[in-house]
Amino acid sequence: MARRTQDLSSLSDEELLDMRICDLQLSIVGTPLEARIDQLNGELAERGLNFRPHFWLSDDWFSPDGIPGIAIPFYLAHPRLIRLERKQLLEVEGGNKTWCMKILRHEAGHAIDTAFQIRRKARYRELFGKPSEPYPEFYSPKPQSREYVLHLDMWYAQAHPLEDFAETFAVWLPPKSRWRTRYRNWPALKKLCYIDELMSGLEGKPAMVQSKQRIDPLSQIRRTLRTHYQRKREYYGMNYPNVFDKDLCKLFSCDRSHRRNPTAAALLSRWRGEIRRVVADWTGAYTYMVDQVLQEMIERCRELELRLGSAPEICKRDAMILVALRTSNYLNSGHRRVMM
């Protein structure tokens, strides 16, 4: 039977932010996470692998060194916390099924690496690099490189050799994955072929490392949600809630005389496809990167309760320019922060 969780739905944002994470009383049982974990385990079984990682709720996604398990962020265990996460960080990492499964497969790559001590193999180091290489605070991806698979956003396989392995495993894992076709003529194909051969050799074998230890489970995290989000915003360099405020308030209006006009969030959502297409063409950025910038702007417009304050066509043009500038600034920063 699922453990009863605290009724968080009726709490305001301020009340939630003052709660300690250890007091949330959350469980994976009875949430959509159960079905997603079952799907991951099913994919491992279809590949003939006996290995199953263990799972627990924590403050972020991670698979600890030396422990073949996967921590899942607490907010995915309750819809009210998903809403708070989006409000605080402008996005919900793993917030839909497709995204969640991508991350679970990635973390399963780390877990199986630990379980079978794969990183110790000479061929691993030859293909992916030295796993002992220090993790950088930032990495500088090469978007056109075909040495790496494309799985999570921001070319994450390029962040570190361990991430390269986990990303490659995640691409290989789904039994219906068409990786041979997708990566034909890519140098990354040799990494996928190595994992295919390696995993065939592990079929039916027990894990060498079977620790069920949990690092930073919810019950041990005593900081408040307010502190948690302050730290995450600082880490990711988000000057929230002022990321877009100045420019958005120039572009749209919060004047009461415009209160009957369409909302800025609705307009940007309506124009989203056109803006995404045009800005991607202008900047050369991937459309999903442009879409990320757009999503952040839409969320902030909703928070600020902004509305149309000028002619729609002029506003659309200026919105395209603003999105293009934000996207270009991001591209020209030259580095991406490694996930916590």
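Residues are described here as buried when their relative accessible area is under 20%, as exposed when it is over 50%, and as partly exposed in between, with a 1.4 Å probe and protein chains only. The structure is a predicted model, in which local features need pLDDT of at least 70 and side-chain atom pairs count only at pLDDT 80 or more, whereas totals for chains, interfaces and linings use all residues. Residues are numbered from 1 along each chain as its sequence is written, and side-chain values use heavy atoms, with hydrogens and water left out.

The domain assignment, with bounds that come from an automatic or database source, divides the protein into domain 1 (11-220) and domain 2 (240-339). The C-alpha centres of domain 1 and domain 2 are 31 Å apart.

A nonpolar core is taken as a set of buried Ala, Val, Leu, Ile, Met, Phe, Trp, Tyr and Cys residues joined through side-chain atoms within 4.5 Å. The largest such core holds 97 residues, of which Ile72, Phe74, Ile118, Met199 and Leu225 touch the most other members. Its largest share, nine residues, is supplied by helix H4 (residues 97-116), where helices are DSSP runs (H or I, at least four residues) numbered from the N terminus. At least three residues of this core come from each of domain 1 (11-220) and domain 2 (240-339). In soluble globular proteins, nonpolar side chains tend to be buried together.

Two residues illustrate the surroundings in more detail, with contact meaning heavy atoms within 4.5 Å. Phe74, when residues up to four places away in sequence are not counted, touches Ile21, Leu24, Leu26, Leu57, Ser58, Asp59, Leu81, Leu218, Leu225, His228 and Tyr229. Ile112, which is placed in helix H4, is buried with a relative accessible area of 0%. With residues up to four places away in sequence again not counted, Ile112 touches Leu49, Phe51, Ile118, Phe165, Phe169 and Met199. The C-alpha atoms of Ile112 and Leu57, which are 55 residues apart along the chain, are separated by 19 Å.

The backbone was also examined for positive phi values. Most residues other than glycine have a negative phi, and most peptide bonds are trans. Gln117, although not a glycine, has a positive phi of about 50°; Gln117 is found in the loop between H4 and helix H5 (122-128) and is partly exposed, with a relative accessible area of 24%. Asn185, also not a glycine, has a positive phi of about 70°. Asn185 is found in the loop between helix H7 (179-182) and helix H8 (189-201), and is exposed, with a relative accessible area of 69%.

Methods: Helix = DSSP H or I, 4+ residues; strand = E, 2+ residues; numbered from the N terminus.
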